[in-house]
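Please keep the sequence and the structure in view while reading.

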Amino acid sequence: MTTPRPETLAKLTPVLTKRWLSPDAWRIGTYEKLDGYAALRKAFKAHPDDLIQLIKDSGLRGRGGAGFPTGLKWGFIPQGDGKPHYLVVNADEGEPGTCKDLPLMTHDPHSLVEGVIIASYAIRANRAYIYIRGEAVHAARRLRNAVNEAYAKGYLGRNILGSGFDLDLVVHSGAGAYICGEETALLDSLEGFRGQPRLRPPFPATHGLYASPTVVNNVGTIASVPYIVLGGADWWKSMGTEKSSGPMIYSLSGRVVNPGQYECGLGITLRELIELAGGMQPGHSLKFWTPGGSSTPLLTAEHLDVPLDFEEVAAAGSILGTTATQIFSDQDCPVYATYRWLEFYHHESCGKCTPCREGNYWMVRVYRRILAGQGTHEDLDTLLDTCDNILGRSFCGLGDGATSSVTSSLKYFKQDYLDYIEGRTAPRLSDKQLVGAH
Amino acid sequence: MTAFTDETRARAREIIARYPADRSRSALLPLLHLVQAEEGYVSPAGVAFCAEVLGLNKAQVGAVASFYTMYKRRPTGDWLVSVCTNTMCDVLGGQKVYDTLAEHLGVGHDETTADGKITLEHAECLAACDYGPVMTVNYDYFDGVDPQTAVDLVDELRAGGRPTPSRGARLCTLKEMSIQLAGFADEREGAVADGVPGEPTLRGLRLAQQHGISAPGFDPNAPIRSGQAGDKPAPATPAKAAPTGSTAPDVPAPDRKSPQVRTAETRQPDAKTAVPDAPGTRVPTGGTPPTPRDAQAAEAAGAAANKPAGDAKPAGDDAEAQKRNLSEAESTAIGSANDKGAKK
């Protein structure tokens, strides 16, 4: 393991993660000593419209993958319409590779609760929900405890801190469906239905939860709000790049010496991140990686110096996504990796639309055939053709995301596919696994 | 109708009270966790219970229960052992761990050992890739496992031990966990405090600490509205839209529509068509919409008319029903023959 150079170390910007080192930061007493709920008191002195403007000025963009400007989203909520408004926090973390929201909710749940109160005040919502992934049981324990503590201290409930503002917050556990991370599927699930995406428009900003104006934001987005309120928009913009402002938690996993969470300003490169993580594991050299979870097209060693912000990653032909960088080496097979991801999308497809439901089902079978050494050259065309029919034709982003690793691995690693087909690579799967129509 | 305890019924009322009064269907997911907490899986009785307390019919509840992976359709063991076999964990050895456990326990995916202790499953990304390969027991993490540690772990569980998870709280059974999933606090003394953050979670922070790096400092008095003479004063009574007790309706329904009709309209706000998912078999588009209770009456009538299916037989596929169909067909045939005869 090598020590990172000082100029690389200087890129670390612990903001959202900074309380994780305080073992009791999940308790309200400790949280209050560490600037906790100071932003809320400050926010209540301002007009809600000014808070929306502040978030617009800060350039904060959604941390859940799409990078939509948060202030703009809040501004879409019609005010004075006589309808109840809702804030829903998307804590259904499940994108393969992504593991940043669970530690945040486990070790610093009050920062999320405080963000929820400020955001609800800004958009004039009197009811908020945190939809947390069902499997995230310890994070949910801490979060429920934090909500109870906040009620007991008067940060939630009626007339919060004498401001006249009321807010009820419910932590709602999901039940094991990746699709519920899609915002409209999440809303359907929260209403007690199967989690299937809705046709848009209308958008949640006008017809969201219970057909009322609703803001759906990721955990990281909402947890950023108290810091922006305290430090101001200019401070927030002093981190990150011009169009992608602020710090971001990068989750490194795979073939590096020290996988883990590294919070840096947006725009750091993978080369720098790997340096922070102590380099590649001995005997491994970088072959392919995802910039933001498995739904983002793979990148390769030639992209080591791409700044990881929303614009530059898009220019490199991928998506920043959730900044979950999964790092694979020359000892890992991109064909097999793609196959395993497709198994995931096949399992998690909600079945509502045909391209995603059928496309993923059949692509899994084509991959099994290739990996069992029985693939043909035609299979590669079939895969690309299938992807063409899924991408942009699916109801929601799940189908689109499923094609990312297929098309990008075929683009960069076609030779690996050909090696299976032409018998240069030993079959990875046994042909006993090829039952039924293959 | 069902054997659920009074405590479960009281908890069900508590769950429903968390949501707006006219949006009780939102309570369905936690209620399904609740019935799973009592029975270890979502049984037909559990589905009926949820339907009863929410005024839905069993088909509506069953359709939701069958969509989500965490609702088990068969009795489960005390310990749900989930091994991540998604790409990253698989590459790091997760598939080997799963295969070894399956062989050691003699069960496959979503199957329970003969002693009823352990249910095994392979999972799709448990959101702990920096700790891979990972497995969970009742959703609490065991990090960086290999085939041997995994086998030791399940052996300890079968011997009655409760191994300590790497980061989460001390283990509780799947039924106890389901109570928490239904939204109730973990009442075990100190369980919330259990678990320290793992090294991967803290790595970036430690590095910054060791080298004295921190994010740029800020002035907590930075104005919220930059470049302005002063902030707009907060309104005297800001953002007071509706009363918000936990049982208060968010807004008085202007037209007394049922939540189902309204939810369906959410998806197509301008549609005037009938809503197939609404309670009852017919949905009038004008006049009084059916109340949720109608769904139960309609369902009872339907159940009386159609005997439930026996073992492995499709509904209605019993001798009596076939005989009835046959006689109905015959009488229709005779009737139409008579008609023809009359015409002659």
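**Sheets, core and contacts**

In chain B, strand 1 (residues 79–84) and strand 4 (residues 135–137) are paired in the antiparallel sense over three bridges. Here helices (H or I, at least four residues) and strands (E, at least two) are DSSP runs, numbered from the N terminus, and two strands pair if DSSP finds at least two bridges between them. The model is a predicted one, in which local features need pLDDT of at least 70 and side-chain atom pairs count only at pLDDT 80 or more, while totals for chains, interfaces and linings use all residues. Residues are numbered from 1 along each chain as its sequence is written, and chains are lettered from A and ligands numbered from 1 in the order in which they are written.

Within strand 4 of chain B, B:T136 is the bridge partner of B:S82. An open five-stranded sheet of chain B has the order 2-3-1-4-5, with mixed pairing. Its edge strands, strand 2 (111–112) and strand 5 (140–142) of chain B, each pair on one side only. Helix 6 (residues 94–105) of chain B lies across strand 1, strand 3 (118–123) and strand 4 of chain B, and runs at about 145 degrees to strand 1 of chain B; such angles run from 0 to 180 degrees between N-to-C directions, with axes fitted as lines to C-alpha atoms, for helices over the stretch in contact.

Chain A also has an open sheet of five strands, in the order 6-5-9-7-8 and with mixed pairing. Strand 6 (260–265) and strand 8 (299–300) of chain A stand at its edges with a single partner strand each, so one side of each has no neighbour in the sheet. Strand 7 (residues 286–290) of chain A runs antiparallel to strand 8 of chain A and is joined to it by two bridges. In strand 8 of chain A, A:T300 is the bridge partner of A:F288.

Turning to the helices of chain A, helix 4 (residues 48–58) is largely enclosed by the rest of the structure, because nine of its eleven residues are buried. A residue is buried if 20 or more other C-beta atoms lie within 10 Å of its own, exposed if 12 or fewer, and partly exposed in between, with C-beta atoms placed from the backbone. Among the buried residues of helix 4 of chain A are A:L51, A:I52, A:L54 and A:I55. Their cover includes helix 3 (38–44), helix 5 (70–75), helix 7 (109–123), helix 11 (219–231) and helix 12 (233–237) of chain A. Just after helix 4 of chain A, A:G59 has a positive phi of about 75 degrees.

The largest nonpolar core has 212 residues, of which A:V88, A:I118 and B:C50 touch the most other members. Helix 7 of chain A gives the most to this core, with nine residues. A nonpolar core is a set of buried Ala, Val, Leu, Ile, Met, Phe, Trp, Tyr and Cys residues joined through C-beta atoms within 7 Å.

The contact between the chains takes 102 residues from chain A and 88 residues from chain B, where two residues are in contact if their C-beta atoms, placed from the backbone, lie within 7 Å. On the side of chain B that touches chain A, helix 9 of chain B supplies the largest share, nine residues.
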